[in-house]
Amino acid sequence: MTGTASKVNQTSDGLRVQGLDFAYAQAIVLQDITFTLRQGSVGLLGPNGSGKTTLLRALLGHLPLPREKVNVLGWDMAVNPRAARQRIGWMPERGGIIPGMSGVAMVAYLGELSGMPERDAMQRAHEVMDYVALGEARYRKCEDYSQGMRQRLKLAQALVHDPAWIFLDEPTSGLDPKGRVAILKLIHDLASNKGFGVILSTHLLPDVEAVCQEILVLREGQLLSHDVIDNQATTARQVFEVEGFGEEELFQARLREQGVEITKDGRLTLITVGSGEGAEMILAAAEATGYALRRLRRQRLSLADVFYKLVEE
Amino acid sequence: MPVYERGYKHWEPSGRKALPPWWAIARRGIAGPLKRRGFLFLLMVAWVPAIVKGGILYFTFKAGQLFDAGQLVRLVGGNWASIEAPGFFAFLTWQKYFVLIFLTIVGTRLISKDRQENGLALYFARPLGLVDYVAGKVIIIMFYYFMVTLFPVYALAVFGYLVTAGATGMEMLVLIPLRATLFCSLAGLSLSLILLSLSSLGHRAVFITVGWVLIYLGSEQIANLMTLFGNRWMRIVDFPAQYFQAGALLFDANPPHPISPWGSFFVLLVYTALACLILKQRIRPVEVVS
């Protein structure tokens with residue numbers, strides 16, 4: 001059974017949010033959020049205070065919601081959040097342990113609270129503790145765990161009842177580089193090989209690049225973008241490295257007329273064109289001004305470039 | 001071997017029956033303190049008054065022919081040797097300090113500990129609601145409350161029936177257990193909710209413990225002081241006394257203090273309603289202002 005997706009996971013519906021607004025007292029936190037997620041790994045990105053955690057709480061049914069705004073795995077979270085939570089795993093950012101219990105006891109206890117029989121829960125707790133590499137520390141009190149171990153313990157408790165989706169809130173927060181890589185590998189494995197739906201909320205862009213196929217970008221409670229990561233990196237804007245000889249100023253002036261950004265990086269000229277435009281524009285300008293191109297190469301934009309452009313705009 | 005290659009197995013349900021979440025909470029909470037030897041010793045000590053009362057009943061009714069039973073009753077006080085309902089009610093009032101000790105040990109950390117490390121978020125990410133959570137915690141407190149009040153009364157009632165050679169059958173086997181069950185259930189529920197509401201107010205168990213002891217003992221001392229100056233109605237501030245004032249109605253006993261038992265009952269209703277309100281406000285997976 002290892003490495004295969006369960007029937008539960010294969011037949012699960014996705015998550016649907018339709019026109020969701022939410023405010024804490026007078027402060028608007030989420031505004032008209034709409035998206036649908038089928039499965040796979042999704043990065044939830046945004047600066048601090050952009051509404052990421054609130055959106056996750058809405059998906060968990062922790063917030064008072066109007067009907068038909070948030071639908072998780074076929075259940076309306078305003079009507080039947082408990083049924084949906086049976087198939088959701090949640091890894092909170094802060095705290096997230098129950099002091100006084102050993103690691104394995106805590107995971108088994110939370111398994112029982114998820115509707116598992118006592119013996120099944122204990123057996124599963126041992127399995128997931130092994131999976132997250134806490135097997136040797138399973139009988140230690142969870143308040144004595146290091147930060148890295150706590151993060152893995154929180155992941156274990158999110159997995160114990162074998163949910164269809166797991167929501168991870170800043171899972172690499174406070175981890176050293178080794179611990180961060182280990183937990184990202186686990187998350188990647190769950191999303192890629194084990195058929196889980198994963199929502200990874202973070203402001204660490206490399207984490208999202210390492211694990212996710214899609215991103216949701218939030219800023220001040222608004223959804224700025226929902227796209228596949230590769231599309232984001234290629235279609236939002238493109239930067240070309242250009243080198244050549246001839247009437248360079250004329251060539252640049254011609255391009256500027258068409259509204260592109262031009263900067264210099266040593267000998268290279270960096271030409272940034274908008275989405276939908278490409279190398280043809282540069283080739284046409286070179287031909288028209290007699291500028292001989294020696295180098296024309298598209299730079300691959302990182303997610304960070306795309307993210308910062310989106311949130312700054 | 002890298003951790004992620006160790007493999008993840010999906011859960012295949014065994015077909016065993018899952019119990020409700022409140023039961024899981026209660027079971028863990030009850031089992032926890034019983035693992036401590038000191039706690040078990042204390043529990044045995046809490047049964048000493050019941051053993052003493054049982055011994056007095058024995059000597060009064062079974063071995064009375066060996067010496068003057070009336071002298072023994074005069075020596076220890078009428079309630080110790082009484083097999084009437086007020087005698088058992090008096091036994092419950094003697095247990096109030098054990099109630100304080102056990103409820104302090106068991107109850108003050110029940111919610112504060114969960115709040116300390118954002119544990120409530122873990123609970124409510126599961127398919128359980130506020131009622132399941134509070135019910136599980138209430139059962140833990142009530143179990144230990146019963147351990148020092150109701151269960152000794154049951155034992156004494158059966159013992160009393162045996163030493164009186166069945167002469168008190170109806171009273172000992174039905175009426176006294178019934179009265180005690182009703183009293184302990186209502187008082188235990190009210191005490192549990194009030195203690196849980198206190199526990200939900202903070203993260204630091206030490207402050208909650210101090211607050212609880214002040215309410216339980218401090219209110220009694222304040223009332224004692226005020227009644228010294230002739231303000232007898234100030235007994236209404238004595239928190240534990242309200243339970244016994246109201247309980248006197250159930251046991252056909254004389255109220256221990258000169259205030260209305262129905263007044264005490266009303267005060268307890270208000271306290272308990274307030275406790276429910278606090279619990280509803282404080283136990284949330286997320287703080288929502290509106």
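Predicted model: local features only at pLDDT ≥ 70, side-chain atom pairs only at ≥ 80, totals over all residues.
## Where the two chains meet

Let's start with the contact between the chains. The size of an interface is often given as the accessible area lost when the parts come together. Here chain B and chain A bury about 4600 Å² between them, and 59% of that area is on carbon and sulfur atoms.

Polar links are part of the picture too: 24 residue pairs are in polar contact between chain B and chain A, with both residues at pLDDT 80 or more.

## Salt bridges

Searching the whole structure turns up 18 salt bridges over all chains, and the count between chain B and chain A is 6. One to look at is the pair Glu112(A) and Arg27(B), whose side chains meet in a salt bridge at 2.4 Å, N to O. Glu112(A) sits in helix H4 of chain A and Arg27(B) in helix H1 of chain B, so this pair joins two chains.

Another salt bridge is formed by the side chains of Glu117(B) and Arg150(A), at 3.3 Å, N to O.

## The largest pocket

The largest pocket has a volume of about 860 Å³. It is lined by 30 residues, and those closest to its centre are Gly100(A), Arg28(B), Gly32(B), Pro33(B) and Lys113(B). Both chains give helices to this lining: H4 (103–113) and H5 (118–131) of chain A, together with H1 (21–34), H7 (96–107), H8 (112–116) and H10 (130–148) of chain B, each provide two or more residues.

Helix H1(B) gives the largest share of the pocket lining, with 7 residues.

## The largest cavity

The structure also holds 2 cavities of 30 Å³ or more. The largest cavity has a volume of about 90 Å³, and its lining includes Leu92(B), Lys96(B), Tyr145(B), Phe183(B) and Tyr243(B).

H7, helix H12 (169–199) and helix H14 (239–251) of chain B each supply at least two residues of this lining. The largest share, 3 residues, comes from H14(B). The cavity lining divides into 9 nonpolar residues, 1 polar and 1 charged.

How values were computed: Residues numbered from 1 in each chain as written. Chains lettered and ligands numbered in written order. Heavy atoms only, no water. 1 Å grid on protein atoms, 1.4 Å probe; cavity = no way out; pocket = protein on both sides within 12 Å on 5 of 7 lines; lining within 4 Å. Points joined across faces, edges and corners; volume = space filled by probe spheres on them. Helix = DSSP H or I, 4+ residues; strand = E, 2+ residues; numbered from the N terminus. Buried area = accessible area lost by both parts, 1.4 Å probe. Salt bridge = Lys/Arg side-chain N within 4 Å of Asp/Glu carboxyl O. Polar contact = N/O pair within 3.5 Å; in protein donor to acceptor, adjacent residues only side chain to side chain. Nonpolar A, V, L, I, M, F, W, Y, C, P; charged D, E, K, R; others polar.
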